[in-house]
Amino acid sequence: MPFIPKKYKVIAFGFILSGMMSCFVSGLATLINIGFVPIFFGNWPSAWLTSWLFSFPIVLCVAPLVRRILRAIVIEDE
């Protein structure tokens, strides 16, 4: 059951994408830095939330540039 108005679709996309990507990347970075130790699940959430706070606005700001780059390099249907 959809509940987000269409005009917020781009923001919702950026929110979900940045949340998922920052979750995976911060988890991997935490794993590499401290290993799979008992404190891993204590450290990962704070690393994730910190990275999400930065990645969400960055995704929103960079998305228009990425769209322009893709328009320049992608061959449209022939």
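Analyst: Happy to. Let's start with one term: a pocket here is an open set of grid points where a 1.4 Å probe fits, with protein on both sides within 12 Å along at least five of seven lines. Also keep in mind that this is a predicted model.

User: Good to know. What volume does the largest pocket have?

Analyst: The largest pocket comes to about 240 Å³.

User: And which residues line the largest pocket?

Analyst: Its lining is made up of Val 10, Phe 13, Gly 14, Leu 17, Val 59, Leu 60, Ala 63, Val 66 and Arg 67. The elements that give two or more residues to this lining are α1 and α2.

User: Which element gives the most to the lining?

Analyst: That would be α2, with five residues.

User: What's the lining like by class?

Analyst: Seven of the lining residues are nonpolar, one is polar and one is charged.

User: Switching topic: how many aromatic pairs are there?

Analyst: The count is eight aromatic pairs. One of them joins Phe 36 and Phe 40, with 5.6 Å centre to centre and 50 degrees between the planes, so the pair is tilted.

User: Are those two, Phe 36 and Phe 40, buried or exposed?

Analyst: One of each. Phe 36 counts as exposed because its relative accessibility is 62%, whereas Phe 40 is buried, with a relative accessible area of 5%. Phe 40 also forms a tilted aromatic pair with Trp 44, at 5.3 Å centre to centre and 45 degrees between the planes.

User: Where do Phe 40 and Trp 44 lie?

Analyst: Both lie in helix α2, which covers residues 40-73. They are four residues apart, about one turn of the helix. Trp 44 is partly exposed, since its relative accessible area is 22%.

User: Which residues form an aromatic cluster?

Analyst: Phe 15, Trp 48, Trp 52 and Phe 56 form one.

User: What does Thr 30 touch?

Analyst: Not counting residues up to four places away in sequence, Thr 30 touches Gly 35, Phe 40, Asn 43, Trp 44 and Ala 47. Thr 30 itself lies in helix α1, residues 9-34.

User: Why does Thr 30 count as buried?

Analyst: Because its relative accessibility is 10%, and buried means under 20%.

User: What about Ser 55, where does it lie and what is it in contact with?

Analyst: Ser 55 lies in helix α2. Leaving aside neighbours within four places in sequence, Ser 55 is in contact with Ser 18 and Ser 22. Ser 55 is buried as well, with a relative accessible area of 17%.

User: Now the cysteines. How many disulfides are there?

Analyst: The count comes to zero disulfides. In general, a disulfide is a covalent bond between the sulfur atoms of two cysteines.

User: Are Cys 23 and Cys 61 buried or exposed?

Analyst: Cys 23 counts as buried, because its relative accessibility is 18%. Cys 61 counts as exposed, because its relative accessibility is 63%.

User: Last one. Where is Ile 4, and how far is it from Phe 56?

Analyst: Ile 4 sits in the segment before α1. Ile 4 and Phe 56 are 52 residues apart in sequence and 18 Å apart in space, C-alpha to C-alpha.

Note on methods: Residues are numbered from 1 along each chain as its sequence is written. This is a predicted model: local features need pLDDT of at least 70, side-chain atom pairs count only at pLDDT 80 or more; totals for chains, interfaces and linings use all residues. Side-chain values use heavy atoms; hydrogens and water are left out. A disulfide is a pair of cysteine sulfur atoms within 2.5 Å. Buried means under 20% relative accessible area, exposed over 50%, partly exposed in between (1.4 Å probe, protein chains only). Contact means heavy atoms within 4.5 Å. Rings of Phe, Tyr and Trp (its six-membered ring) pair if their centres lie within 6.5 Å; planes under 30 degrees apart count as stacked, over 60 as edge-to-face and the rest as tilted. On a 1 Å grid over the protein atoms alone, a cavity is a set of points where a 1.4 Å probe fits but cannot get out, and a pocket is an open set with protein on both sides within 12 Å along at least five of seven lines; lining residues have an atom within 4 Å of a point. Grid points are joined across faces, edges and corners, and a volume is the space filled by probe spheres set on the points. Ala, Val, Leu, Ile, Met, Phe, Trp, Tyr, Cys and Pro count as nonpolar, Asp, Glu, Lys and Arg as charged, and the others, Gly among them, as polar.
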